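Subject: Handing over a structure, with notes on what was found

Dear colleague,

Please read them with the structure open beside you.

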Amino acid sequence: MKNRPILEVKNLDVVYKTLTDEIVALKDINLQVGERESLGIIGESGCGKSTLFYAIMGYLPSNGNSTGEIFFKGENLLEKGQKEMMEYRGNRIAMVYQNPYSSLNPSLTIGYQLDEVTMFHRRFSRKEARKVSIQSLTDLHLGDAAGIVHRYPHQISGGMQQRICIAMALLCRPDLLILDEPTTALDVTTEAVILDIIGELKEKYDMSLIYISHDIGVVNKVSDRIAVMYRGEIVEKGSQNTIYQHPDHPYTRALINCMPRSGIVKEEVRLNTIQGYVTRRSAAETGCPYIARCEKKAHDCEKGYGLKENSPHHFSACTRAYAVDVPDRERTALKKVEENYDEEKNILKIENLYKYYGRQGKKIRALDGVTVSLDRNNVLGVVGESGCGKSTMGLTVSGLLKPTKGKLFFDGMDISVSWEKRTPDTLRGIQLIFQNPGRSLNPSFTIETIIGRPMKKLLGIKSKVERRKRIIAILKKVDIGEEYLNRKATHLSGGEMQRVALARAFSISPDLLICDEPTSALDVSVQASVLNLLGDLQQESGAAYIFISHDLNIINYFSDYIMVMYLGRVCEYGRKDEVVGPPYHPYTEALLSAVPDVDPSLKKRTIRLEGSPPNPTKKIGGCPFAGRCHRQIGEICINVPPPRVEFSDTHFVYCHLSKEEMQGISS
Amino acid sequence: MVLTLAVMSFIIFVLVEIMPGDAAQTVLGQSATPESLAALRESMGLDDPLYIRYGRWAGAFIHGDLGESLYMRGVQINTIFWRKVGHSVILALTALVFYVPLSLFFGVLAGVKAGKLTDSIISFFGLATMALPEFVSGIILITVFAIKIPLLPITSIIPIGETLWENLNILVLPALSITFVMFGYVSRMQRSSMITVMNSDYIRAAVLKGMPQGYVIFRHALKNALLPTITIIGMNMGWLFGGLIVVETLFGFPGLGSLTLSAIKTRDVPLLEASVLFITFIFVISTFITDMMYAFLNPRIRFKRGEV
């Protein structure tokens with residue numbers, strides 16, 4: 001510890017009492033955060049990351065009981081009453097939450113919610129408070145701070161809302177700032193800007209920082225030290241580099257290997273998965289919390305378990321991450337490059353597709369002339385910020401939306417109509433899976449009914465026995481046992497639900513599967529298993545995928561072709577390797593630069609994209625990205641639509657820059 | 001709003017028209033001769049087609065002419081109707097003043113103390129009063145406050161020659177029995193919306209900003225938690241102003257409810273039409289006011305147009 005500790009958590013246990021059981025949420029937590037130090041905490045959901053900070057803030061539900069000591073600047077916070085805690089909350093310790101929109105009161109103005117902080121803690125008058133609030137917003141690079149204070153939370157964008165939450169947390173110049181997944185709900189480009197600002201402000205205000213996330217890449221950007229949590233325990237802590245390069249705990253190693261990260265592609269590597277899932281911990285349980293899922297477990301794991309300093313500043317509860325007595329799983333590729341299928345066979349052709357929402361005069365141009373085609377057994381990754389039209393494209397192809405203009409061809413057949421007018425065979429051929437599996441499976445149906453229905457309607461299998469046989473076969477493929485047949489979707493975990501959604505889609509052997517952010521709602525280890533499953537199913541069926549995601553790491557891992565979209569238009573299209581390397585479209589360049597890296601040694605310069613995409617109701621004469629482009633070359637960008645620049649048969653970019661200029665971009 | 005009223009008035013008119021027996025028969029009684037019936041029909045214009053009669057009726061209505069009562073021959077409805085409406089409005093307002101603050105206060109209290117003893121007591125009381133029909137709770141009130149402890153009059157009849165203003169104490173018991181009915185609904189609604197709001201992210205954020213509890217409840221929670229309750233209160237406004245038939249009958253209160261009931265009993269078509277249309281009007285107006293209140297409290301609706 002270089003600096004004096006500002007926060008010291010000693011032997012903290014948190015137990016929730018329920019009617020039937022006692023559940024251990026935190027067990028024997030020991031943690032120190034020094035002055036001006038920044039600590040990152042990672043772990044899957046349900047590992048107690050958030051509970052830890054509610055325990056520090058004294059904000060546990062009434063059935064939660066915490067024992068141990070939490071020293072903040074020498075004072076034990078656990079001995080303080082609610083009244084005394086008010087002095088710390090928002091004043092000395094401030095928090096920023098995952099979802100900025102729901103953390104702001106919808107019926108009070110931004111200014112009101114900011115002002116009250118200093119009015120209470122500093123006894124400022126309304127006028128003084130307002131001055132400080134506006135200053136604080138300006139510090140977060142929010143233009144027109146004086147105007148924003150009069151607005152309500154719903155009137156501003158998500159990225160701005162989160163900046164306001166951060167500004168609010170910083171009003172009293174806290175000694176410790178706790179950020180609980182503050183960028184998870186935001187776009188990569190916005191995330192990059194916010195992470196930048198956080199780093200900058202930490203220096204400026206001499207704060208200590210705790211950053212909670214499920215994403216090591218994000219934590220790397222802001223934290224010097226990292227602690228890994230699993231089922232209420234800190235299983236490993238150490239510096240950024242140690243954690244990534246020499247993890248001691250098998251969980252840390254497995255978690256890192258789950259993540260799609262730069263340089264990892266499906267042609268070479270199958271993502272690691274962790275068997276099972278995070279379960280609740282009852283008070284009776286002792287020993288290693290990870291033992292049930294551990295691949296490296298040995299006969300003596302029960303003995304000698306506990307956090308120890310194995311090398312300077314590197315603590316771990318276990319050192320078997322690279323244990324040789326249990327061999328590593330073989331590294332295999334997810335996609336085997338066998339020519340089993342006629343890859344050249346075109347399955348989908350989109351020609352000049354337009355989709356407008358809204359009335360005449362106030363049209364929202366969701367798709368503004370998209371042309372692309374997709375071959376069998378290929379994955380087209382579609383990437384872009386929210387609102388770029390990627391989901392609209394998926395929905396239009398699936399027929400849930402009717403195209404405004406343009407043509408769609410599926411297997412050579414014109415399907416530019418909405419789903420009611422498509423033939424049953426086309427309906428069978430195109431299937432869809434969604435981001436939130438919980439909402440796309442009817443909660444009052446059993447799994448059998450959910451999967452059986454499309455079989456009955458679209459394959460015409462009338463016999464119940466025959467259907468059941470097929471359902472069991474398909475469930476087996478997605479790793480779900482027969483015993484699930486009569487369960488309802490609400491009784492499944494997120495990963496299981498997404499598997500059932502996949503089983504439903506594949507039960508009628510589609511030729512094209514549209515995956516709209518299929519893994520964004522899942523934990524990394526579950527995400528890895530779903531991606532592996534998607535890959536395996538493709539190997540087997542030869543179906544083509546449209547894979548929509550905002551996460552370039554996943555797109556890069558999983559796609560064969562990538563299409564980068566901005567404001568309903570294509571910016572860049574090409575084979576995976578052509579898109580992620582130069583020459584780039586400036587927008588692709590910015591997106592790639594914003595992606596947080598799991599490997600901390602890959603430090604790169606982030607291109608800050610300020611503002612948000614232009615209003616989609618206005619007709620844009622030139623390049624839609626011109627307003628935010630860091631390589632804009634002048635009037636031409638704003639007034640003239642960018643030409644199509646081709647680098648190869650498969651790779652093209654819409655930009656005014658010359659080929660040489662784009663070639664010259666390297667990051 | 002105007003359109004709703006126009007459509008409603010037409011439906012009311014048609015419904016009343018298709019009731020068996022016509023006005024002439026009602027006036028002349030069972031023993032009338034066919035000739036006299038025909039003569040009266042002609043003089044009342046009953047032989048004209050439906051739309052002409054509707055036009056005549058609606059036209060007169062717009063000019064404030066409610067027509068003439070059939071039962072009390074020669075009495076202009078206007079002269080009795082508005083006085084009864086006035087009584088009803090005063091009763092409704094008294095009831096509002098009684099039950100709205102009371103149920104909001106206890107609803108908020110129960111919501112904040114959810115799961116604790118206070119909450120259980122309030123919720124039990126709310127359920128109990130909700131389960132009692134108003135004639136039962138009314139009789140209990142009469143027994144307690146008028147017979148056992150003779151504080152208030154048993155009936156709410158205004159002595160001839162006096163006005164309501166000289167007899168304000170007659171309002172208390174009817175208003176209390178309305179409070180009994182409404183308290184359960186409104187306080188439960190307020191309780192559940194308070195619980196939802198108190199568990200929201202922004203309340204957590206406000207607490208962890210170090211704001212005191214009372215401030216969090218009144219400044220941060222209440223404004224959002226009032227929204228669903230306002231809908232309930234607004235929806236019951238029409239009933240409160242014109243549908244208090246049971247309560248008014250029980251206490252003999254001279255209001256719109258008992259007037260409507262007697263119009264039904266005596267088949268007094270013009271009076272019935274006037275009452276029902278007025279009750280509809282109150283419904284429409286109160287829905288409108290509810291929407292306005294909603295927009296006032298909820299900026300997300302207020303700014304839907306214009307700003308993005």
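Let me begin with a pair of helices in chain B, namely H1(B), which covers residues 2-17, and H13(B), which covers residues 269-297: their axes come within 10 Å of each other and cross at roughly 150 degrees. Because angles over 145 degrees count as roughly antiparallel, that crossing makes H1(B) roughly antiparallel to H13(B). The crossing of these two helices, H1(B) and H13(B), is right-handed. On the H1(B) side the contact is made by Thr4(B), Leu5(B), Met8(B), Ser9(B), Ile12(B), Phe13(B) and Val16(B), while H13(B) brings Val269(B), Leu272(B), Glu273(B), Val276(B), Leu277(B), Thr280(B), Phe281(B) and Val284(B). Sorted by class, the residues in this contact of H1(B) with H13(B) are 11 nonpolar, 3 polar and 1 charged.

Before going further, please keep in mind that this is a predicted model, for which the scores are ipTM 0.81 and pTM 0.82. For chain B the mean pLDDT is 82, and 92% of the residues of that chain reach 70 or more. Within chain B the confidence is lowest in H2(B), where the mean is 68, and highest in H9(B), residues 201-208, where it is 93. There is also a stretch of chain B, residues 304-308, over which pLDDT stays under 50, and for this stretch the model has 1 contact beyond four places in sequence. Where pLDDT is low, the predicted coordinates should not be read in detail.

Turning to chain B as a whole, its secondary structure comes to 14 helices and 0 strands, and its C-alpha trace spans about 85 × 60 × 30 Å along the principal axes. The chain is divided into domain 1, residues 2-62, and domain 2, residues 78-300, and the centres of these two domains of chain B, taken over C-alpha atoms, are separated by 36 Å. Where the two domains of chain B meet, 10 residues of domain 1 are in contact with 9 residues of domain 2. On the domain 1 side of chain B, the elements that give two or more residues are H1(B) and H2(B), the latter running over residues 23-28, and the largest share, 7 residues, comes from H1(B). By class, that side of domain 1 of chain B has 6 nonpolar and 4 polar residues, with no charged ones.

Another helix pair in chain B is formed by H5(B), residues 77-112, and H8(B), residues 172-198, which pack at an angle of about 35 degrees with their axes 7 Å apart. H5(B) passes H8(B) in a right-handed crossing, and the contact of H5(B) with H8(B) has 21 nonpolar, 7 polar and 1 charged residues.

The contact is made by Ile110(A), Gln113(A), Leu114(A) and Val117(A) of H4(A), together with Ile164(A), Ala167(A) and Met168(A) of H7(A), and by class the residues of the contact of H4(A) with H7(A) come to 6 nonpolar, 1 polar and no charged.

Lastly, for chain A the domain assignment gives domain 1, residues 100-171, and domain 2, residues 343-667, and the C-alpha centres of these two domains of chain A lie 37 Å apart.

With best wishes

Definitions and conventions. Residues are numbered from 1 along each chain as its sequence is written. Chains are lettered from A and ligands numbered from 1 in the order in which they are written. This is a predicted model: local features need pLDDT of at least 70, side-chain atom pairs count only at pLDDT 80 or more; totals for chains, interfaces and linings use all residues. Axes are lines fitted to C-alpha atoms, for helices over the stretch in contact, and angles run from 0 to 180 degrees between N-to-C directions. Helices (H or I, at least four residues) and strands (E, at least two) are DSSP runs, numbered from the N terminus. Angles under 35 degrees count as roughly parallel, over 145 as roughly antiparallel, 65 to 115 as roughly perpendicular and the rest as oblique. A crossing is left-handed if the near helix is turned anticlockwise from the far one by less than a right angle, and right-handed if clockwise. Two residues are in contact if their C-beta atoms, placed from the backbone, lie within 7 Å. Ala, Val, Leu, Ile, Met, Phe, Trp, Tyr, Cys and Pro count as nonpolar, Asp, Glu, Lys and Arg as charged, and the others, Gly among them, as polar. Domain bounds come from an automatic or database domain assignment. pLDDT is the predictor's confidence in each residue, from 0 to 100.
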